[in-house]
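Student: I would like to learn how to read a protein structure. Could you take me through some features one at a time?
Tutor: Gladly; let us look at the picture together.

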Amino acid sequence: MAYNAIQDNIYNYYLTAYTPKNAGKYDAHKRSELRSIYNSIIKLNKESPLYLLPNKKESAQFAVGLKENARELHMEIASLSGSMDSRELLDRKVAYSSDEDLIVARFIGSSSDSDKVSPLDIEVQSLAVSQVNLGSFLKNDSPVALPPDTYSFDIGINDMNYEFQFSIRAGETNRNILNRLERLINNSRIGLNAEIIEGEEETSSLRIESQTTGLKPGKNGMFSVSDEKTSKTSGMVSYLGLDYISRAASNAQFTLNGIPQEAHSNKFIVDRFYEIELRGITPEEKGPVGIGLKADYESLADNVAQLARSYNSFLKAVDEFKISQNSSGKLKGEMAGIASLYKNGLTDIGLNLGEDGNIHVDKAALSKAIQSDDADDRFQVIKNFAQQIFRKTNQISLNPMKYVDKMVVAYKNPGHNFANPYLSSNYIGMLFNYYC
């Protein structure tokens, strides 16, 4: 298979520059949505004329960059609104707790779910705790009271057994052995944390704690330490006292709307809408902690400012190609046209359109608008603006080639063209055309 070196670089540019980006929660789509995207691409190609790209490398880089930046702005608006519907930008809800010292709540649903959410009353009897093994306190400078040899012991955790081996040399002190075991356990990354505890009269002990809390059904502990069936010399566990459980793991005990409940962790999800974090035990003199929803006006200023930053970042990315791609000015003009439709309303809430097309945030005016009595009416403009940008970025993502400099070779015969099922996108074909 022969391929063109320049096009090979384009493909590698695509892989190294864009694939490392993590997919967000709004990248996932239903089957019907994917079918709609596919049908839109087919329709675009059905009407698209035949064209040539005069500078293939620059065109490919611009098309890839434009698509990814449009997708990023698209997802940013979706994240601010809490769903793929940009109209919910001002309808976001936030969870509140009547006592955040005891319980912290976070709303993880969408604004459309707020009518389905019921308030909660939670009373905490005990928190979930991890298991702690605390070894014997030994003199730091005293020689190890075991003969030099290769020793080993087993740690059982999450139905897995791990064997640890190490050697004791003649003259080694207790503290040397504890330091070595601390590093050995921590570097193994098996879900345990080891720490040396200083005692009285220059003694020290090895403390081992599980990284997770709670107990699974049928389990007596989170982990166990033993050298009864180990492959090397035994005796180290009893000498250091590593099998002594100073604190047993236990689940969180609480009542949810008066019904007793328990959880393995102090952080859990209730009814798919609340993420609850237990931080303390409810005092007897206090009643249950109330959890509910309220309008998220406090974060509205941050959301609006973030929208402006994302919009400006998109325009900056387009400007980077204005020398190599004259058609990029067409896109910037279209974006500026959308913004100009809402210029007066945006200015009224502290968003000023500059001559460069960017949106500049007046924090004082924005804060004053949020605190006004008619905030809902005044901020309707940002919802409409976000909705238009949301639609525009979707169009750009579907057909970034619309804004690439190209030479039209022939237009398709109106009314007699047909959709080619094997041609999913000229944008995709541009990347792989020179690999065959």
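Student: Is Lys 392 buried or exposed?

Tutor: Buried means under 20% relative accessible area, exposed means over 50%, and partly exposed is in between (1.4 Å probe, protein chains only). Lys 392 has 9% relative accessibility, so Lys 392 counts as buried. This is a predicted model, in which local features need pLDDT of at least 70 and side-chain atom pairs count only at pLDDT 80 or more, while totals for chains, interfaces and linings use all residues. Residues are numbered from 1 along each chain as its sequence is written, and side-chain values use heavy atoms, with hydrogens and water left out.

Student: Which side chain meets Lys 392 in a salt bridge?

Tutor: Side chains of opposite charge can pair when their charged atoms come close. A salt bridge is a side-chain nitrogen of Lys or Arg within 4 Å of a carboxyl oxygen of Asp or Glu. Here the partner of Lys 392 is Glu 334, at 2.6 Å from N to O. The pair links distant parts of the chain, with Glu 334 in helix 7 and Lys 392 in helix 11, 58 residues apart. Helices (H or I, at least four residues) and strands (E, at least two) are DSSP runs, numbered from the N terminus. Glu 334 has 22% relative accessibility and therefore counts as partly exposed.

Student: How many salt bridges are there by this rule?

Tutor: The count comes to 13. One of them joins Glu 172 and Arg 169, at 3.3 Å from N to O. Glu 172 is buried, with a relative accessible area of 8%, whereas Arg 169 is exposed, at 52%. Arg 169, Glu 172 and Arg 180 are linked in a network of salt bridges.

Student: What about Asp 227: how far away is the nearest side chain of opposite charge?

Tutor: For charges, Lys and Arg count as positive and Asp and Glu as negative; His and the chain ends are not counted. Asp 227 is buried but has no salt bridge, and the nearest side chain of opposite charge, Lys 229, is 12 Å away. You will find Asp 227 in the loop between strand 11 (223-226) and helix 5 (236-240).

Student: Which backbone nitrogens lie by the side chain of Asp 227?

Tutor: A polar atom of the Asp 227 side chain lies 2.8 Å from the backbone nitrogen of Gly 235. For the backbone nitrogen of Val 237, the distance to a polar atom of that side chain is 3.3 Å.

Student: What polar contacts does the side chain of Asn 251 make?

Tutor: A polar contact is a pair of N or O atoms within 3.5 Å; within protein, one must be able to donate a hydrogen and the other to accept it, and residues adjacent in sequence count only if both atoms are side-chain atoms. The side chain of Asn 251 makes one with the side chain of Glu 262 (3.1 Å) and one with the side chain of His 264 (3.3 Å). Asn 251 sits in the loop between strand 12 (245-247) and strand 13 (252-256). Its relative accessibility is 10%, so Asn 251 counts as buried. Asn 251 and Glu 262 are eleven residues apart along the chain, and their C-alpha atoms are separated by 6.2 Å.

Student: Where do nonpolar side chains go?

Tutor: In soluble globular proteins, nonpolar side chains tend to be buried together. A nonpolar core is a set of buried Ala, Val, Leu, Ile, Met, Phe, Trp, Tyr and Cys residues joined through side-chain atoms within 4.5 Å. In this structure the largest has 42 residues, and Phe 314, Phe 379, Ile 382 and Phe 385 touch the most other members. Helix 6 (300-319) is among the helices that each supply at least two residues of this core, and helix 6 gives the most, with eight residues. A second, separate core of 30 residues includes Ile 177, Ile 185, Ile 208 and Met 236.

Student: Which residue lies 4.5 Å from Phe 223, counting between C-alpha atoms?

Tutor: That residue is Ile 157, which is 66 residues from Phe 223 along the chain. Phe 223 is in strand 11 and is buried, with a relative accessible area of 5%.
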